Amino acid sequence: MDLKTLHKRHVLTPWVAQGGHEAPVVVRGEGVWLYDREGRRYLDLSAGLVAVNLGHAHPKLVRAIAEQAARLAYAAPGLFHDGRALLGKALSDLAPWPEGGRVFFTPSGTEANEDALKFVRHLTGRPKVLAAYRSFHGATHASASLTGENRRWPAEPGVPGVVHFFAPYPYRSPFFTEDPKEEAWRALEHLERVLLHEDPQRVAAIFLEPVVGSNGVIVYPEGYLEGVRALCDRHGILLVFDEVMTGFGRVGAAFAAERFRVVPDLITFAKGVTSAYVPLGGVLVREGLARFFDEHPLPTGHTYSGHPLAVAAGLAALEAYREEGIFARVRSLEGFFREALASLVAQHPLVGEVRGLGAFYALELVKDRKSKEPLSPWHAPPSPPMRALLRALLGEGVYLMAKHNVLLVAPPLTIREEEFLEGVERLSRALWQVE
Ligand code: PLP
């Protein structure tokens, strides 16, 4: 039996994994490239699932993980461990709070949001939580309930107390306006109405991706995040930024909170913290709030909270980001990335819009650019042209993440300029094949 058939037979994939049967069997990665069994290479244009920020086989990470495995591969979370303490301090230093913060380590981003949901209810004694439609916060029951995509809840309802609101989406405004300022204002008005309807005194927190990630790299118009912060302040509501995708250089800063100068109360993170070499996530809690747990403990934790291999990878990744000046590099290359991708809008009728910032971009695909008619309806499975495009991309040696009508271009942050241009050229060739 060949390997793909074996995989299909014994690895449960409830969702048709991207690429389907045509996806390559990858055996090795180096820098921004993945290699299959036959030695063909694929440009990893979304850094896996927007995660391998430092590229594949980074020597510093490989060494740190191997050394830690030889020294101590596991320590129960109840024990003190040097790596955990050091990574906790390093992350607190990166957080946007002058007072610092504390980290609760989780095995993944999903669990970070799952735990953050418990934390905000515990911290405030309030039962409700608000999250945006068209967000993504994870795939377990509670994190999927936060996620504003109804198809993720096999049997309604999701967890009780989670309420959704519409956030701005300038390209396809839910508020029927093309003016970004007006969009921000109308979205805030809508959010306030939802809050008043739910009774703000019963709302513990608002969860938000500061830039919507897998659902289309939506950058909020100026003033929106500030407005949400102000609403939270007015009603004693906590603001949680889900920075699982935006953290660790993706938007040219340690966190999007720093880039947008909007300070949340909690930050959830994962992916880039270890450059995805070992699973690790966490919740950063502002010190003033974290103290509450000293007097009011909340029994929670995971076997793999702060796993020694993960924290070793985290420390090595943070060192690499610093030594290689990655966050500043992304800021300086932002114009170059955007311009290179913008050329695709001019050339290809299928590309309705290119948007994003830092090293985080989306190409939204349309049937008709003038009417902005989407390539397929929201929530529908990949349309035949999208499937054909993904096939063409594999044929051109590009692997990237696609969702709904959107291609995510979010390469490893170490990508060289010529590699990025080559990626855009391959993308362009693939688009020609389906137009
Ligand atoms: N939150 C956001 C914004 C994400 O993009 C993701 C994953 O893509 C998650 C949470 C879930 O994280 P994980 O896959 O590490 O569980």
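Which of the 16 residues around the ligand come nearest?

1. **Ligand shell.** Ser 108, Gly 109, Thr 110, Val 244 and Ala 270 come nearest, out of 16 residues around the ligand. A residue counts as near if its C-beta atom, placed from the backbone, lies within 6 Å. By class, the shell has five nonpolar, nine polar and two charged residues. Here Ala, Val, Leu, Ile, Met, Phe, Trp, Tyr, Cys and Pro are nonpolar, Asp, Glu, Lys and Arg are charged, and the others, Gly among them, are polar. Helix α5 (residues 109-124) gives the most to this shell, with three residues.

2. **Basis.** This is a predicted model: local features need pLDDT of at least 70, side-chain atom pairs count only at pLDDT 80 or more, and totals for chains, interfaces and linings use all residues. Residues are numbered from 1 along each chain as its sequence is written. Helices (H or I, at least four residues) and strands (E, at least two) are DSSP runs, numbered from the N terminus.

3. **Sheet.** Seven strands form an open sheet with mixed pairing, in the order β4-β12-β11-β10-β7-β5-β6. β4 (101-106) and β6 (162-165) are the edge strands, each pairing on one side only. Pairing requires at least two DSSP bridges. The twist averages 20° from one strand to the next. β4 and β12 (residues 281-286) run antiparallel, joined by six bridges. Phe 105 stands opposite Gly 282 in β12.

4. **Helices on the sheet.** α4 packs on the sheet and touches β4 and β12; its direction makes about 125° with that of β4. Contact means C-beta atoms, placed from the backbone, within 7 Å. α5 lies across β4, β5, β7, β10, β11 and β12, at about 30° to β12. Axes are lines fitted to C-alpha atoms, for helices over the stretch in contact, and angles run from 0 to 180 degrees between N-to-C directions.

5. **α3 with α12.** Helix α3 (residues 59-71) packs on helix α12 (residues 308-323) at about 150°, with axes 9 Å apart. The pair is therefore roughly antiparallel (over 145 degrees; under 35 is roughly parallel, 65 to 115 roughly perpendicular, the rest oblique). The α3 contact residues include Leu 61, Ala 64 and Ile 65. By class, this contact has 12 nonpolar, one polar and two charged residues.

6. **α4 with α12.** Helix α4 (residues 82-94) meets α12 at about 40°, with axes 9 Å apart. The two are therefore oblique to each other. Among the contact residues are Leu 86 and Leu 87 of α4 and Val 311 and Leu 318 of α12. By class, there are eight nonpolar, two polar and one charged residues in the contact of α4 with α12.

How values were computed:
Contact = placed C-beta atoms within 7 Å.
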